[in-house]
Amino acid sequence: MTVLGGEPTYTVSALCDEVRAFLGEAFPSVWVTGEVQRFRESQRGHAYFELVEKDAADGVCGKLETVIWAREWARVRRVLAGSGQRIEEGAAIRCLGRIDFYGVGGRLQLVVREVDPVFTLGLLERRRRETLAALEAAGLLDGQRALPLPEPPLSIALVTSYGSAAYHDFLATLAESGYGFRVLAIHASVQGLRAEREIVSALALAGRSAVDCVALVRGGGARSDLAVFDSRAVAEAVARAPLPVLTGLGHEIDEAIADRVAHLAGKTPTKVAELLVERVAACERAAAEAAVALARAARERLRAGGERVAHAER
């Protein structure tokens with residue numbers, strides 16, 4: 001700092017250093033909650049994203065540039081993975097860090113060193129309970145189970161990410177059965193910011209199609225990856241579908257709300273395909289048994305008729 005014209009005068013870098021020192025003293029350690037946006041990882045292993053707060057109209061009312069340096073990021077990822085979570089677009093997190101001012105870039109940023117795994121799980125569980133209560137109040141929890149599944153269910157609308165592992169596993173299982181399944185594939189993102197809107201739209205399109213049922217599937221992933229299937233919009237779309245909806249969401253333990261309101265729920269896409277194959281096989285067995293019984297009854301009728309003719313002749 002110098003004095004010019006009797007007034008203290010800073011250079012830009014000097015003022016930036018002062019601001020940085022002041023903020024470092026004022027906020028050496030602070031917990032912050034917000035929603036993750038614009039997440040990316042650098043080639044050096046650092047994680048960068050925006051931590052935002054939204055108002056009632058879903059507009060951003062606060063935003064912080066955020067960074068997790070490579071060493072802390074590796075540890076944070078391990079901690080979150082232990083509870084089936086990860087930081088991604090749209091995730092709500094609570095993190096501990098310090099406020100820093102990066103003078104070269106002229107920006108304020110939150111430098112994170114810890115992320116609370118319990119906060120996100122608790123928030124997801126609270127939202128889950130609220131959604132289930134709303135669905136129950138609307139009478140939507142068990143409506144799908146009352147819909148009849150056509151026998152045999154040979155025409156299927158498949159809602160998933162086109163070309164994904166779930167897509168290929170489902171189709172491969174049907175193909176291996178040898179039955180004449182007809183599949184209408186409808187693309188929808190199954191995670192990320194567009195997932196909710198695209199799944200709801202795909203289910204609406206499937207409901208207007210000339211098919212026997214709908215299969216909503218995705219591959220496995222972290223618990224946070226499956227959060228879209230706990231959303232009220234997706235759950236209502238499944239519950240209100242005019243056709244039976246079968247879910248296979250790639251999880252072995254947790255039941256998503258979409259599973260809860262579906263007509264049938266399988267653990268994986270392959271399992272859902274196997275359920276459909278078994279339904280068709282059961283119809284085939286029933287038809288074969290009916291054919292045998294019909295032939296037996298026909299032979300008995302012919303035998304009895306023959307005896308009556310013989311008796312009449314005598």
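Mentor: Two strands count as paired if DSSP finds at least two bridges between them. Keep that in mind for this model, which is predicted.

Trainee: What makes strand E8 and E9 a pair?

Mentor: Strand E8 covers residues 155–160, and six bridges link E8 to E9. At least two are needed, so the two strands pair. The sense is parallel.

Trainee: What sheet do the strands form, and in what order?

Mentor: An open sheet of five strands, in the order E9-E8-E10-E11-E12, with parallel pairing.

Trainee: Why are E9 and E12 called edge strands?

Mentor: Strand E9 (182–187) and strand E12 (264–266) each pair on one side only, so they are the edges. From one strand to the next, the twist averages 20 degrees.

Trainee: How do you know whether E8 is covered on one face or both?

Mentor: Both faces are covered. Ser155, Ala157 and Val159 are buried on one side, and Ile156, Leu158 and Thr160 are buried on the other. Six of the six residues of E8 are buried. In a regular strand, side chains alternate between the two faces of the sheet.

Trainee: Which strands does H4 touch when it packs on the sheet?

Mentor: H4 touches E8, E9 and strand E10 (213–217). The direction of H4 makes about 160 degrees with that of E8.

Trainee: Which residues of H4 and H8 meet?

Mentor: From H4, Ala166, Asp169, Phe170, Thr173, Leu174 and Ser177 take part. They meet Pro269, Thr270, Val272, Ala273, Glu274, Leu276 and Val277 of H8. The contact has eight nonpolar, three polar and two charged residues.

Trainee: What makes H5 roughly parallel to H6?

Mentor: The axes of helix H5 (residues 195–207) and helix H6 (residues 232–239) cross at roughly 10 degrees and come within 9 Å. That angle is under 35 degrees, so H5 is roughly parallel to H6. Glu196, Ile199, Val200 and Leu203 in H5 meet Ala233, Val234, Ala237 and Val238 in H6. Seven residues of this contact are nonpolar, none is polar and one is charged.

Trainee: Which residues in H6 are buried, and what do they pack against?

Mentor: Val234, Ala235, Ala237, Val238 and Ala239 are buried. The buried residues of H6 pack against helix H3 (117–137), H5, E10, strand E11 (245–248) and helix H7 (257–261).

Trainee: Leucine 51 next. How do you know whether leucine 51 is buried or exposed?

Mentor: Leucine 51 has a relative accessible area of 3%. Buried means under 20%, so leucine 51 is buried. Leucine 51 sits in strand E4 (residues 47–54). Its contacts beyond four places in sequence include Val32, Leu64, Ile93 and Leu110.

Trainee: And arginine 38: buried or exposed?

Mentor: Arginine 38 has a relative accessible area of 61%. Exposed means over 50%, so arginine 38 is exposed. The residue lies in strand E3 (residues 30–41).

Trainee: What phi does arginine 38 have?

Mentor: A positive one, about 55 degrees, although arginine 38 is not a glycine. Most residues other than glycine have a negative phi, and most peptide bonds are trans.

Trainee: Where is a cis peptide bond found?

Mentor: Between glutamate 151 and proline 152, where omega is about -5 degrees. Proline 152 lies in the loop between H3 and E8.

Trainee: Last pairings. How many bridges join E6 and E7, and in what sense?

Mentor: Strand E6 (residues 92–102) and E7 share eight bridges in the antiparallel sense. They form a hairpin with four residues between them. Glycine 106 in the turn has a positive phi of about 65 degrees.

Trainee: What makes E5 and E7 a pair?

Mentor: Strand E5 (residues 60–68) and strand E7 (residues 107–115) have three bridges. At least two are needed, so they pair, in the parallel sense. Threonine 66 stands opposite leucine 110 in E7. Isoleucine 99 also stands opposite leucine 110.

Conventions: Residues are numbered from 1 along each chain as its sequence is written. This is a predicted model: local features need pLDDT of at least 70, side-chain atom pairs count only at pLDDT 80 or more; totals for chains, interfaces and linings use all residues. Side-chain values use heavy atoms; hydrogens and water are left out. Contact means heavy atoms within 4.5 Å. Ala, Val, Leu, Ile, Met, Phe, Trp, Tyr, Cys and Pro count as nonpolar, Asp, Glu, Lys and Arg as charged, and the others, Gly among them, as polar. Axes are lines fitted to C-alpha atoms, for helices over the stretch in contact, and angles run from 0 to 180 degrees between N-to-C directions. Angles under 35 degrees count as roughly parallel, over 145 as roughly antiparallel, 65 to 115 as roughly perpendicular and the rest as oblique. Buried means under 20% relative accessible area, exposed over 50%, partly exposed in between (1.4 Å probe, protein chains only).
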